[in-house]
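Got your viewer open and the cartoon loaded? Let's go on a short walk, one selection at a time.

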Amino acid sequence: MKENRIASVVFLLVALVYLALAFLTIPKPTVLQILGPDVFPKMIGVVMLFLAGLYVLQSFRGVEQTDEARAAIIGAEEKLSEYVDVKTIGKMLALMLVYVWIFDPLGYPLATFLMFVTGILILDRRHWMRDTIIAVIASFGFYFVFSLVLRVQLPAGPLKWLGL
Amino acid sequence: MWFFDNLAMGFSVALTPINLFYALVGVFLGTIIGVLPGIGPMTGIALLIPITFGLPPTSAIILMAGIYYGAMYGGSTTSILVNAPGESSSVVTCFDGYAMAKQGRAGPALAAAAIGSFIAGTFATLVLMLIGPWVAAFALNFGPPEYFSLMLAGLTIVTSLAGRSLVKALLATTIGLAIATIGIDLQSGVPRYTFGNPELLDGLEFLVVAIGLFALSEVLVNLADMRQAVQERLAIKGPLWLTREDWARALPAFIRGTLSGFFVGGIAGAGAAVASFFSYGIEKKMAQHKDELGKGAIEGVAAPEAANNAAAGGALIHLLCLGIPGSGTTAIMLGALMMLGLQPGPLLFQQQPQFVWGLIASMYIGNVMLLVLNLPLVGMWVKILDIPLYLLVMFIILFSFLGVYTMNNSTQDLFLLLVFGIIGYLLRRLDIPASPIILGMVLGDLMEQALRQSLLISDGSLAIFVTRPFSLFFLFLAIVSITNPYWKYIGIGLRRLFGRAAVA
């Protein structure tokens with residue numbers, strides 16, 4: 001599988017970089033220790049490199065054995081279907097990124113309301129009336145519960161003038 | 001009797017109105033999580049940890065434990081009525097539970113699942129109460145070498161049972177351990193892997209990784225394929241209780257399931273899913289009506305449901321007495337407890353008795369609450385499935401971001417959350433299990449400390465790990481657990497090498 005080949009090489013690179021950084025960037029402490037701060041990361045790095053190497057071998061030679069009966073018994077998660085709705089997933093990821101970006105400046109209630117409503121428009125707009133009411137509860141309602149009842153601090157944003 | 005005193009103290013903690021309230025909230029939320037498809041106990045606890053921030057540790061663990069066994073309970077309802085297991089440990093329940101529901105016997109199936117869970121949960125709590133203090137006292141003799149080997153064994157046992165590929169699962173563990181090394185090394189004060197970013201000095205926030213890898217990745221999995229399958233839901237007809245004949249058949253199954261689940265899933269650390277399969281296997285050999293299994297036999301519901309709850313309870317023994325998580329879910333609970341400033345382990349019984357015994361008492365109460373809540377309200381739980389998938393997705397997004405933000409009030413954490421969500425999704429696509437990452441991350445620092453202290457004791461010699469008997473035993477367990485998928489091939493190889501006669 002192509003996905004696995006790319007992933008195995010990425011893991012190999014991660015392991016190499018991790019190990020290299022352990023050798024290059026972790027300074028020696030001034031006091032001599034039996035096991036310095038660099039030893040444990042180096043150990044992990046070597047094991048990771050070995051496993052990533054095995055993964056590369058398996059993915060390129062296609063020898064990965066999967067025992068479905070065993071997978072069922074240990075409760076392994078189901079394999080995902082090959083189908084990926086790239087458009088929806090891309091839009092929603094962009095939406096979440098924007099949400100992170102406006103979280104502080106717009107404040108929790110406003111940013112969350114906008115995120116929720118946009119999300120509904122992207123995913124399913126047939127019940128927009130009901131869903132908009134839910135969005136109001138989930139943003140403004142949650143804000144009041146969290147900040148007034150549970151005393152959890154959330155950014156108020158421009159709504160600060162409401163004195164809340 | 002010393003433990004009656006302790007238990008009385010525990011109940012005096014658990015029966016305070018506020019803790020009763022948290023136990024109720026916990027089992028309630030847990031049941032919802034169990035019923036909802038895709039959100040298992042692990043995701044649920046990760047998402048709900050932020051609620052516990054403002055609470056005292058005892059109330060927090062009572063709430064979390066409630067969520068934990070509530071979720072184990074709730075999973076069976078959808079297995080029986082919809083043939084859609086809420087999590088991996090209730091897959092087995094589908095076989096006979098759904099078949100029973102199709103024959104119009106959904107009521108007895110639900111009742112058997114609930115009663116089995118109750119019996120197993122109560123049994124596990126009882127054993128925790130009786131042997132917990134002994135295990136903890138025994139573990140007090142463990143030095144750093146024993147702890148290091150024990151953690152290594154815990155890590156490899158859980159890892160060897162996660163996912164289809166051992167290489168991938170072990171790789172995930174090392175990634176988790178590597179994440180744990182980020183931040184200032186407490187022993188030498190040297191920064192590691194921080195890249196000059198001051199926010200990384202404390203290391204990556206555990207909750208950011210957990211919520212990203214479990215909750216947000218679940219969102220992405222759903223978004224990638226929103227074509228929701230229409231599920232046929234079977235109505236509950238007839239009485240919601242067991243007949244005399246049902247009792248006669250289910251009772252031995254309850255007992256077999258409880259015992260096998262407790263020892264295999266709990267004590268041996270194999271987890272709830274393996275426990276439920278194992279007990280189903282036992283039923284196939286021992287049940288009176290074994291020919292009916294798979295076609296709607298009550299034993300097929302009673303035993304696995306008892307087993308997975310007994311396993312969940314057994315896993316708590318590891319967590320509370322040894323401080324070593326025996327599953328992904330308890331790893332998340334361990335992380336949460338450490339965030340609350342508690343270090344689970346053998347000292348807990350001595351230093352925080354009101355915490356431990358309060359939790360034990362609340363588990364009795366929680367199990368009763370579940371039994372009372374679940375059966376009459378089963379109609380309501382099933383209604384939860386009416387929530388459209390896209391609204392569920394929006395709410396998981398909302399809670400993920402809210403939870404991570406309330407931790408540090410930092411938007412950088414939100415960004416990291418998104419990154420780990422994407423990583424979690426890619427791992428799911430690649431069939432790489434995420435729970436070993438969490439386990440490695442939680443145990444990484446502890447293992448490094450134990451390793452250093454061991455070598456300090458032995459003056460740098462690694463022999464200390466094999467000359468101490470308990471340490472050697474744990475190392476042996478670790479080796480057995482990672483080699484066991486290959487025994488088959490080693491056997492075949494030996495036979496080829498030496499010919500049949502030599503082996504026989």
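Start by selecting B:Asn409, in the loop of chain B between α17 (389–408) and α18 (411–429). Keep in mind as you go that this is a predicted model. Is B:Asn409 buried or exposed? B:Asn409 counts as exposed, because 12 other C-beta atoms lie within 10 Å, and 12 or fewer is the cut-off for that label. Check the backbone too: phi of B:Asn409 is near 50 degrees, a positive value in a residue other than glycine. That deserves a look because most residues other than glycine have a negative phi.

Now move to B:Asp431, in the loop between α18 and α19 (435–457) of chain B. Phi is positive here as well, near 65 degrees, and B:Asp431 is not a glycine.

Next, select B:Cys94, which belongs to helix α5 (residues 91–102) of chain B. B:Cys94 is buried, with 21 other C-beta atoms within 10 Å. Which residues does B:Cys94 touch, leaving aside its neighbours within four places in sequence? Show B:Ser79, B:Asn83 and B:Pro85, the residues in contact with B:Cys94 on that count. For a sense of distance, draw a line from the C-alpha of B:Cys94 to that of B:Leu348: it spans 39 Å, and the two residues are 254 apart in sequence.

Stay with α5(B) and bring up helix α6 (residues 106–139) of chain B; the two axes come within 7 Å and cross at roughly 145 degrees. To see the contact, show B:Thr93, B:Gly97, B:Met100 and B:Ala101 on α5(B), then B:Ala106, B:Pro108, B:Ala109 and B:Ala113 on α6(B). Colour them by class and you get 6 nonpolar, 2 polar and no charged residues.

For another helix pair, select α2 (residues 17–35) and α15 (residues 353–374) of chain B, whose axes come within 9 Å and cross at roughly 50 degrees. The angle therefore makes α2(B) oblique to α15(B). The crossing is right-handed. On the α2(B) side, pick out B:Asn19, B:Leu20, B:Ala23, B:Leu24, B:Gly26, B:Val27 and B:Thr31. They meet B:Gly358, B:Ser362, B:Ile365, B:Gly366, B:Met369, B:Leu370, B:Leu373 and B:Asn374 of α15(B). By class, this contact has 8 nonpolar and 7 polar residues, and no charged ones.

Time to switch to chain A. Chain A has 6 helices and 0 strands. Of its 164 residues, 29% count as buried. Take the contacts in chain A between residues at least 6 apart in sequence, and 60% of them join residues at least 24 apart.

Finally, show both chains and select the interface, where 60 residues of chain A are in contact with 54 residues of chain B. On the chain A side, the elements giving two or more residues are α1 (2–24), α2 (39–61), α3 (68–73), α4 (86–106), α5 (108–123) and α6 (128–149). Which of them gives the most? That is α2(A), with 10 residues. Colour this side of chain A by class and you'll find 40 nonpolar, 11 polar and 9 charged residues.

The predictor gives the complex an ipTM of 0.91 and a pTM of 0.88. Chain B averages a pLDDT of 86, with 97% of the residues scoring at least 70.

Technical notes:
Residues numbered from 1 in each chain as written. Chains lettered and ligands numbered in written order. Predicted model: local features only at pLDDT ≥ 70, side-chain atom pairs only at ≥ 80, totals over all residues. Contact = placed C-beta atoms within 7 Å. Helix = DSSP H or I, 4+ residues; strand = E, 2+ residues; numbered from the N terminus. Nonpolar A, V, L, I, M, F, W, Y, C, P; charged D, E, K, R; others polar. Axes fitted to C-alpha atoms, helices over the stretch in contact; angles between N-to-C directions. Parallel < 35°, antiparallel > 145°, perpendicular 65-115°, else oblique. Left-handed = near helix turned anticlockwise from the far one by under 90°. pLDDT = per-residue confidence, 0-100. Buried ≥ 20, exposed ≤ 12 C-beta atoms within 10 Å, placed from the backbone.
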